[in-house]
Amino acid sequence: MNWDSAKKHCTERNWQWTLDLINQAEQEMQELEQNVKRLEDQQKAQRLYNACNF
């Protein structure tokens, strides 16, 4: 999603509640992306560990 264009649109219309919602959604997306990266790294490490044990 293009957060910047959505924020600009809401700022032009003075929709503060929508800006708050966009900021919250953006923060949640960043947290989810961090969790996905962490889980992918854990999965890679587990596969490497398992490959070394054979």
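Okay, ground rules before anything else. Since the model is predicted, local features need pLDDT of at least 70 and side-chain atom pairs count only at pLDDT 80 or more, while totals for chains, interfaces and linings use all residues. Residue numbers start from 1 along each chain as its sequence is written, and side-chain values use heavy atoms, with hydrogens and water left out.

So, the fold. We've got 2 helices and 0 strands. Those come from DSSP runs, H or I of at least four residues for helices and E of at least two for strands, numbered from the N terminus. Helix 1 covers residues 3-12, and helix 2 covers residues 16-52.

Now the overall shape. The radius of gyration is 19 Å, whereas a compact globule of 54 residues would sit near 10 Å. For the record, that radius is taken over C-alpha atoms, and the globule rule is 2.2 Å times the number of residues to the power 0.38. Along the principal axes, the C-alpha atoms fill a box of roughly 60 × 15 × 5 Å. To put a pair of residues on that, D41 and H9 are 32 residues apart along the chain, and their C-alpha atoms are separated by 37 Å.

How much of this thing is buried? Buried here means under 20% relative accessible area, exposed means over 50%, and partly exposed is in between, with a 1.4 Å probe and protein chains only.

On to the salt bridges. The structure holds 3 of them, each being a side-chain nitrogen of Lys or Arg within 4 Å of a carboxyl oxygen of Asp or Glu.

Take E26 and K7 to begin with: their side chains meet at 2.8 Å, N to O. This pair links distant parts of the chain, with E26 in helix 2 and K7 in helix 1, 19 residues apart. E26 is buried, at 17% relative accessible area, and K7 is partly exposed at 23%.

Next, E12 and R13, where the N to O distance is 3.5 Å. E12 is exposed, with 54% relative accessible area, while R13 is partly exposed at 40%.

And then D41 with K37, at 3.1 Å, N to O. Both lie in helix 2, 4 residues apart, which is about one turn of the helix. D41 is partly exposed at 37%, and K37 is partly exposed too, at 47%.

Last bit, the surface. The protein exposes about 4900 Å², and carbon and sulfur atoms supply 54% of it. Those areas are Shrake-Rupley with a 1.4 Å probe, and for residues only the protein chains shown count as cover. There's a nonpolar patch made of W15, W17 and L21, with about 380 Å² of accessible area together. Patches take residues with over 30% relative accessible area and no salt bridge, joining like charges within 9 Å and nonpolar side chains (Val, Leu, Ile, Met, Phe, Trp, Tyr) within 5 Å. L21 is in helix 2, and it's partly exposed at 49% relative accessible area.

That's it from me.
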